[in-house]
Every structure is written in C-alpha cells, then in structure tokens.
Amino acid sequence: MISRRRLIKQLSALPLVGGLMSFDVAGASGLLQPEAVIPPARNYLQELGVRTFINAAGTYTSMTGSLMVDEVKQAYMGTSEDFVNIDELQDKVGERIASLLGCEAATVTSGAASAITLGTAGVLTGTDPEKAAKLPHLAGTGMKTEVIMQRKHYIEYAHAIENCGVKIVYVDTREELKKAINKNTAMYYFVNFLNYEGQIQWDGVLEVCREHNIPTMIDCAADVPPVENLTKYTDMGFDMVCFSGGKGLRGPQSAGVLLGKKKYIDAARVSAPPRGNTIGRGMKVNKEEIVAMMVAIESYLKRDHEKDWALWESQVNLIKDSIDDISGLKATIDVPVLANVVPTLNLSWDTKKVKISGDELKAEMRKGHPSIEIAGGGKNSVSITTWMLKPGQERIVASRLSDILHQKSI
C-alpha cells in the first residue's frame, strides 16, 4: 500500500495538478479529501471570435450602450434564483421607482422605444384589454388615429409610435399645432433633444395641449445625465416620459422606463407582457432586468455626480493635450445642451495639413490593438467622449490618437 508521505510527494511532482484538483490533507478520516475548485471564468466573446473595444464614442445601441455598474450586476444575478409573478414585480418596482422620482407611476419597459410604443398604446386603449388586442388595426374600433409632432422633431424612433397603427401629423408652428388638433388626435409626441430645433418648445406645447386636453409624451432616451432630468419633465407637466436604461443610467441595455400619470402607465401595462395578444408581447422584460433597472435608478441617484464630471473632464483634457500641437487641427471640448450632456472632444482639421479623413481616422482607431471606437466621421471631423471609458483607458486613446494624427500631419 502506498504511504501517505509517498503519495503527497508524488502529487507535488505532478505539473499543475493543483489547478484542476486540490486536496485537504487534514481530512476528518485522515485521508486526502478533494476540495471544490472554481474553474477559471470563460471568455465567451473570445471563444466566439467577437472583438471587444474601448468605447470612446458614447452610449450607442450598436455598441451595446453602457456597462452596468457592479450594484446593478449584483441585483441582476441576485434576482435570477427565484420565480415571481411578473405583474406583481412590475407593480412593486413601479411603485418604488415612482417614489424615488416623485411621479405618480412608473413601469420598466424593454428600452425607451418600447416605452414609446406602450405609452402610445395606453393612450389609445385605456385599460380596455379588448381594445388592446385590436392594435394596430384601428379601423372601426372607435379609437383615435393621429399623433402630432413637430416636423423638426422627426427621428427614426417615431416608428415606435406608428407601430400602434396611428398616423403621425407633422406641424411647424404653434398655430399649425392648434389647427391640427381634432377629434382623432390621440397624443402629442415631443423629442427632448430637439427642443431648440423646433419652433414650439416645452412650455408652448404643454400650454396648447392642456388647453385641448391632449396627452403629452416626451422622449428623453439619452437625457441622463444630468440627474435632475429624471424628475424635470414630469414636474414640468408632461404626462409620459421615456428613458433608456442602458445609457447614462448604466442599467441593462434592453431595459428602459416609462414615467408619468398613473392612468397612462396603468393603460400602457395592458399592452405589456405577460399578456400575449397585444403589440407589446415581444417587448418582454425579465425579472432580472426589472429589478436591475430599479437598482440602476437607486444607484444613479446616490452617485457623486460632481466627482464623475471631474473625472470625465480630466480624461478628455488628457486626450486633447496629446494632439494640441498639430498644425491645422482644431480641438474643442464642448458640452451638448440636451442629450448626452457630457464633456465631448470635437476634432476638425484642414485636410491639406492633416492627411486623413474622419472615416479613415475612425477605421485606424478601430483596427489597432486594442480596438478603439470614436464617434462622428465624414470628411474631416470626429468626436470623442470619455464617460464610457474604464479608468486608465483615456491614456490608451490619447496615445493611439496622437500617433495616428502626428503621422498624418505635415
């Protein structure tokens, strides 16, 4: 029989056996006892051949939005171990979010576009499930058929409204808005980041719509930060407010939230899962996302926003400093007035002095190691943000950008 001492000696000579199996030599029986070993984490993206990148562009859906903060990830995983009634969970989470944001009601949706569709559906159907089952087929239902928005506010996401079967009526002026309102008008849709593009701004729209008892929805998908926006637009008087969850809130990418008057949120829920005969059935939000969205809002409200801003500014200034000496290059740090309100480095250049186009610069940044994504493009401009960078990545961005632009400058 092999001795204990000899066995231990033989095991110690085996290469890397401990990486697969370790032993407790002080087991209760005096024999070697196997211990549980946590296998190394799999790198799924690497296995699949999907290239990751440093995100110096922003919270674009095509780039998977933002990264969830640790508290949100913990909430997501911590909710995955049990079964719940989805409506009960939405009720409780909605109550919690509404209390945090000082509005009448809230519900977690499958992104901001889902909030737009479900909110529109709720305005059309009220809480009548028979009407909800008929959408998007409005003919002969007695439901209203038109939604008004400003022509200058047109964005492709307006399709989320048309999903409900309504016609969008476009206006330019306050007088045109008044004339457009009729018995078929269901709602007014306002795109927040385009407020200063249109001739009718927040107060003007709200005043006219209140006068004619028309519900109002405002699309604020990318309007966090600043934190004040989470309460600003319900306080202003909009009946429904739509936010993305996977942008500045750092919640799940496929989640969002619809806030506002309780009667409209309740009505929106009639077209939302788990109901199966509505236009919202494909907009399912799982229990993990619902709780994680709530925690994302809790977490965001208690963040040190001044500290975040100072970090973003220091990072974007470091990048700017790396290319400030290039002749023919203009570099400015700007902050958008609405939507994606973060320090943004905007670069433009004289292509006679800097021999590269914006699209070529983006491609050069992308194909390097590690890959880096920046925004903008075209003939001679790009833009860079730092709020989605992990600490230290700003130095990698600065180094790569500087190398490319100095090589292309004369």
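Tyr44, Leu45, Leu48 and Val50 together make a nonpolar surface patch of about 420 Å² in this predicted model. A patch here joins residues with over 30% relative accessible area and no salt bridge, linking nonpolar side chains (Val, Leu, Ile, Met, Phe, Trp, Tyr) within 5 Å and like charges within 9 Å, where a salt bridge is a side-chain nitrogen of Lys or Arg within 4 Å of a carboxyl oxygen of Asp or Glu. Accessible areas come from the Shrake-Rupley method with a 1.4 Å probe, and for residues only the protein chains shown count as cover.

**Basis of the values**
- Local features need pLDDT of at least 70 and side-chain atom pairs pLDDT 80 or more, whereas totals for chains, interfaces and linings use all residues.
- Residues are numbered from 1 along each chain as its sequence is written, and side-chain values use heavy atoms, with hydrogens and water left out.

**Patch and overall chain**
- Leu48, one of the patch residues, belongs to helix α2 (residues 44-48) and is exposed, with a relative accessible area of 66%; exposed means over 50%, buried under 20%, and partly exposed in between.
- The protein chain holds 15 helices and 15 strands, which are DSSP runs numbered from the N terminus (helices H or I, at least four residues; strands E, at least two).
- Of the 410 residues in the protein chain, 48% are buried, and the C-alpha atoms fill a box of roughly 95 × 65 × 35 Å along the principal axes.

- Helix α12 (residues 287-301) has 15 residues and reaches 22 Å from its first C-alpha to its last, close to the expected 21 Å, the expected span being 1.5 Å times one less than the number of residues.
- In α12, 14 of the 15 residues are buried, and at the start of this helix a side-chain oxygen of Asn286 comes to within 3.2 Å of the backbone nitrogen of Glu288.
- Helix α5 (residues 111-125) also agrees with expectation, because its 15 residues should span 21 Å at 1.5 Å a residue and its end C-alpha atoms are 21 Å apart.
- α5 is likewise mostly covered, with 14 of its 15 residues buried, and just after α5 Gly126 takes a positive phi of about 60°.

**Open sheet**
- Four strands form an open sheet in the order β11-β12-β15-β14 with antiparallel pairing, and its edge strands, β11 (329-334) and β14 (375-376), each pair on one side only.
- Strands pair if DSSP finds at least two bridges between them; β14 and the antiparallel strand β15 (residues 381-385) are joined by 2 bridges, and Val382 in β15 is the bridge partner of Gly376.

Definitions and conventions: Buried means under 20% relative accessible area, exposed over 50%, partly exposed in between (1.4 Å probe, protein chains only). A polar contact is a pair of N or O atoms within 3.5 Å; within protein, one must be able to donate a hydrogen and the other to accept it, and residues adjacent in sequence count only if both atoms are side-chain atoms.
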